[in-house]
Amino acid sequence: MTEEKKDDNLMEKIVSFCKRRGFVFPSSEIYGGFANSYSYGPYGTQLKNNIKKLWWKKVVQERMDIVGIDGPIMLNSKLWEASGHTSGFNDAMVDCKKCKKRFRADHIVEEATGKDLEGQLEAMTKVLKEEKVKCPECGESDWTNVREMNMMFKTEMNGYYGDVYLRPETAGAIFIEFKNIIDSMRVKVPFGIAQIGKAFRNEIVAGNFIFRLREFEQMEIEYFIDPEKDWETIFENWTIFQEEFAMALGAKKEDLRRYEHAKEKLSHYSRKTVDIEYRFPFGFGELFGLAHRGDFDLSQHAKFSGKKLEYFDAENNRRFIPHVIEPTFGLDRSILLALLAAYREEKLEDDSERVVMKFPKYLAPIKAAIFPLLKNKPELVAKAKEIYNSLKMEFMCEFDDNGNIGKRYRRQDEIGTPYCITVDFETLEDGAVTVRDRDTMEQKRIKIEELNSFLKENLK
Ligand code: ATP
């Protein structure tokens with residue numbers, strides 16, 4: 001049996017683990033780095049793709065009422081005027097005059113005083129100055145006034161007059177295809193449009209590894225409903241879906257909580273907004289968001305584009321603008337959750353230790369590793385390669401003949417590979433291999449021709 005050790009510096013461990021084992025690298029490192037930007041390495045990319053695949057399967061493939069699209073990052077800027085992003089997608093910033101460091105004003109005020117003054121610039125300036133709130137960096141209290149900053153990245157495009165923005169969320173690209181979807185697909189309200197893709201926000205303070213980035217990925221659904229029918233059940237079902245998805249990534253139920261936004265803080269069009277929060281090592285933080293947005297988006301886009309964005313209910317001969325419920329899933333935060341939840345340091349019976357990533361098997365970057373027992377025995381190497389070549393057609397596999405078997409097991413445990421398959425001398429006699437389970441470390445003999453179905457069955 002194994003014994004688990006408690007982790008105090010989990011976040012630091014994950015950051016260095018991710019670099020060491022090819023999951024996540026700090027980006028632009030050879031040029032001295034680039035603030036808060038990261039590259040997913042080979043295993044991190046596999047993990048990311050597996051999470052996207054799982055989401056797409058549950059959201060698009062397994063449902064009759066949702067279709068998926070893939071829209072552009074740069075879009076007609078009128079869209080962002082209509083959605084209110086050009087004028088209102090702002091965060092409040094404040095600079096420390098002593099150390100020149102910049103902060104989110106609402107975060108500093110709330111941490112120091114417990115007051116939630118989000119959006120109230122003058123009130124925040126007053127509190128910072130009158131209550132002599134200290135700079136978390138240098139300890140002084142010498143603040144500029146609180147100002148607003150638009151979080152969209154602006155760029156230019158040949159042949160286009162005016163500013164072009166990198167989309168700050170994927171939702172916009174969905175709303176503007178509402179009419180095309182209605183016209184080209186046989187969708188009936190309630191129905192959803194899903195999308196996975198990059199979003200860009202010029203966050204005042206990024207950080208906590210891949211939790212808050214300026215370039216990140218979202219998995220979003222706009223779910224269109226009949227405004228005259230019950231929305232609460234649909235909303236509740238999406239909340240449950242989001243919690244279940246977090247658990248499918250490895251979260252324990254007790255590490256999740258719902259944070260419902262106070263009615264008076266909701267946008268005028270929203271009936272309800274709930275964040276699904278996860279207990280990250282730095283505290284509870286938003287993992288996913290769920291908002292009832294009324295008909296705000298479609299009405300605004302209809303107004304700004306001059307096009308009718310309505311739905312015709314043929315059965316009841318009714319025309320209406322659907323309301324929308326918007327479940328949003330942060331992909332990078334999902335990856336962070338999967339990494340944190342999987343990480344284990346175990347003390348084994350023989351007093352040795354191992355690091356093992358206990359990803360749910362369907363998320364594991366590598367599904368099976370194939371080893372010849374000895375590197376210098378051509379017949380074992382040839383057989384192992386033959387098995388590898390056959391399994392790799394279906395599963396992400398690795399071939400490894402480097403070092404002793406114990407070391408190879410440790411390497412695969414560290415990246416979370418569920419099964420290690422070893423070819424030994426007996427294999428040449430009986431056509432069976434040793435399959436070792438990542439979690440139990442138990443080994444059993446399996447016939448080569450049964451490997452494919454064994455993996456299929458056990459990787460679900
Ligand atoms: P926060 O309060 O943490 O800034 P938000 O409320 O602005 O988040 P939404 O606009 O609801 O976030 O975005 C939907 C989802 O996108 C979030 O639940 C989160 O998972 C993800 N997300 C938002 N901002 C970032 C970011 N800067 N880096 C990584 N993921 C992000």
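In this predicted model, the charged end of Arg-257 sits over the ring of Phe-284, 4.0 Å from its centre.

Phe-359 belongs to the loop between strand E19 (353-357) and strand E20 (368-372). Is Phe-359 buried or exposed? Its relative accessibility is 1%, and the cut-off for burial is under 20%, so Phe-359 counts as buried.

**Aromatic pairs**

The structure holds 28 aromatic pairs. One of them joins Phe-103 and Trp-143 in an edge-to-face arrangement, with 5.9 Å from centre to centre and 80 degrees between the planes. This pair links distant parts of the chain. Phe-103 is in strand E6 (residues 102-104), while Trp-143 is in the loop between helix H6 (121-130) and strand E7 (147-150). The two residues are 40 apart. Phe-103 is buried, at a relative accessible area of 10%. Trp-143 is buried as well, at 3%.

Phe-280 and Phe-282 give another geometry. Their ring centres lie 5.3 Å apart with the planes at 0 degrees, so this pair is stacked. Phe-282 is partly exposed, because its relative accessible area is 32% and the buried class requires a value under 20%.

Aromatic residues also gather in a group. Trp-55, Trp-56, Tyr-223, Trp-238, Phe-241, Phe-245, Phe-288 and Phe-329 form one aromatic cluster.

**The ligand site**

Which residues come nearest to the ligand? Of the 14 residues around it, they are Glu-203, Arg-212, Leu-213, Glu-286 and Leu-287. By class, the shell divides into five nonpolar, four polar and five charged residues.

| Residue | Protein atom | Distance to a ligand oxygen |
|---|---|---|
| Gln-218 | polar side-chain atom | 3.2 Å |
| Leu-287 | backbone N or O atom | 2.7 Å |
| Gly-330 | backbone N or O atom | 3.2 Å |

On its own, the ligand has 590 Å² of accessible area, and the protein covers 80% of that. Which elements give two or more residues to the shell? They are strand E11 (215-225), strand E14 (283-292) and strand E17 (323-330). The largest share, four residues, comes from E14.

Phe-288 is part of the aromatic cluster.

**The whole chain**

How many helices and strands does the chain have? Its secondary structure comes to 15 helices and 24 strands. The C-alpha atoms fill a box of roughly 75 × 65 × 45 Å along the principal axes. The chain has 460 residues, and buried residues make up 50% of them.

Note on methods:
Residues numbered from 1 in each chain as written. Predicted model: local features only at pLDDT ≥ 70, side-chain atom pairs only at ≥ 80, totals over all residues. Heavy atoms only, no water. Near = heavy atom within 4 Å. Polar contact = N/O pair within 3.5 Å; in protein donor to acceptor, adjacent residues only side chain to side chain. Areas by Shrake-Rupley, 256 points an atom, 1.4 Å probe, with all protein chains shown as cover. Nonpolar A, V, L, I, M, F, W, Y, C, P; charged D, E, K, R; others polar. Phe/Tyr/Trp six-rings, centres within 6.5 Å; stacked < 30°, edge-to-face > 60°. Buried < 20%, exposed > 50% of the residue type's maximum accessible area, 1.4 Å probe, protein only. Lys NZ or Arg CZ within 6 Å of the ring centre and 35° of its normal.
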